[in-house]
Amino acid sequence: MRELREELFKRLDEKEDKIKEIRRHLHEYPELSFEEEETSAYIKDFYKDKDVKIYDELNGQHGLVVEIKGDKPGKTIGLRADFDALPIKEASDVPFKSKNDGVMHACGHDAHTAYLMVVAETLIEMKSQLPGTVKIIHQHAEEVPPGGARDIIASGAIDDLDEIYGIHYFPQIETGKLFIHSGPTFAGRSNFDLTIKGKGGHAALPQEAKDALVAGAYFVTEAQTVVSRRIDPLETMVVTVSAFDAPGGYNVIQDEVTLRGTVRYMNEDLKETAYNEIKRIVEGIETSFGVTADLDYKYDYPVLHNSEQETKEIIETLNESAGTYFKEIVDLGEITGSEDFSYYLTQFKGNFFVVGAMPENSDEMYSLHHPKMKLNEDAFIIAAKSVTDVLLSRLTK
């Protein structure tokens, strides 16, 4: 395996510019979740003359799985990268800026796809020495529920996996560092829409109205007590009201307002608790303010739980390379962002870890989902090599 690893790393080094080129192309032509027709076609075309089996149009969507069968016995390991973009107008000044107005790869999925395409190509070139089977999962629609992972799983194309692995770039983490955590790592997520209907009227005569806006404002404040007064303080939960729509004039009390928000939790058992508490608040608002309220509450991605034993073992593997192509492994604890990779980890053992991709100029550091988000391209080869290290260690474990 040492000779195979050395040859794979040598070829990856030679293809580092190719990773960047693919990423820049994808960045220029982003597509929204469930609309990634051209991106999927581009990826599929990349594999058309290669000795692989392709599963496409999985569950009627744009995701695809590329099966690479090695000539030697071993396990079946999945590697996943997502390829959808966000409804954000790009404000960065990169020469490969988005050409699709109002759509941007602001979460790094273009770079996820690029590194994995080149890793896959390199593995295909070395099939005669490769043990086991690798399934490259190019996934659509990570950003929008119900998420593309469920389509991939439902298709049956990865039923035979023994384990699965994936990464995410973070511009907030120093380039050269890998963040790996065991157990609950990314939060579970639920989203809600709330419509409050009252009785409109003249702003100078509030006693004749039933003010939906005041009821909505009360909900915004009261929703925070779900975390501060209803949840064990040793648990992690976030309730955020992210939108409040109450248009109107100076002298008008509105009939109706709408709110939108999200709930994040690191313990899957809390998802029911959060719903019940928010529902209780909504019912109380109806009684207190004489309004009617329609709560549309949806359970979304589960908590992403990295397998303890597999995480321990890949940390041991990667630590052997610390100080070479990457600096060090760090454990920053739990992250309240959510990821639909969590669905894979409810079915298979594995790990989802973070690759630091902070720009060299700290003034250019913006978080994921920001219109000026940038990634340090030096992180791409780190992702390629670290995932290859993990893969080789797991195929024969």
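View 1. Lys 135 is buried, with a relative accessible area of 3% (buried means under 20% relative accessible area with a 1.4 Å probe, protein chains only). The model is predicted, so local features need pLDDT of at least 70 and side-chain atom pairs count only at pLDDT 80 or more, while totals for chains, interfaces and linings use all residues. Residues are numbered from 1 along each chain as its sequence is written, and side-chain values use heavy atoms, with hydrogens and water left out. Strand E4, which holds Lys 135, covers residues 131–139 (strands are DSSP runs of at least two residues, numbered from the N terminus).

**View 2. The surroundings of Lys 135.** The side chains of Lys 135 and Asp 160 are joined by a polar contact of 2.8 Å (a pair of N or O atoms within 3.5 Å, one able to donate a hydrogen and the other to accept it; residues adjacent in sequence count only if both atoms are side-chain atoms). Leaving aside residues up to four places away in sequence, Lys 135 touches residues including Tyr 55, Glu 67, Thr 76 and Leu 161 (contact means heavy atoms within 4.5 Å).

**View 3. Domain 1 against domain 2.** Domain 1 comprises 1–186 + 304–395 and domain 2 comprises 188–300, with bounds from an automatic or database domain assignment. Eleven residues from domain 1 and eight residues from domain 2 make the contact. Between the two domains there are four residue pairs in polar contact, both residues at pLDDT 80 or more. Strand E7 (residues 183–186) gives the most to the side of domain 1 that touches domain 2, with three residues.

Definitions and conventions: Helices (H or I, at least four residues) and strands (E, at least two) are DSSP runs, numbered from the N terminus. Buried means under 20% relative accessible area, exposed over 50%, partly exposed in between (1.4 Å probe, protein chains only).
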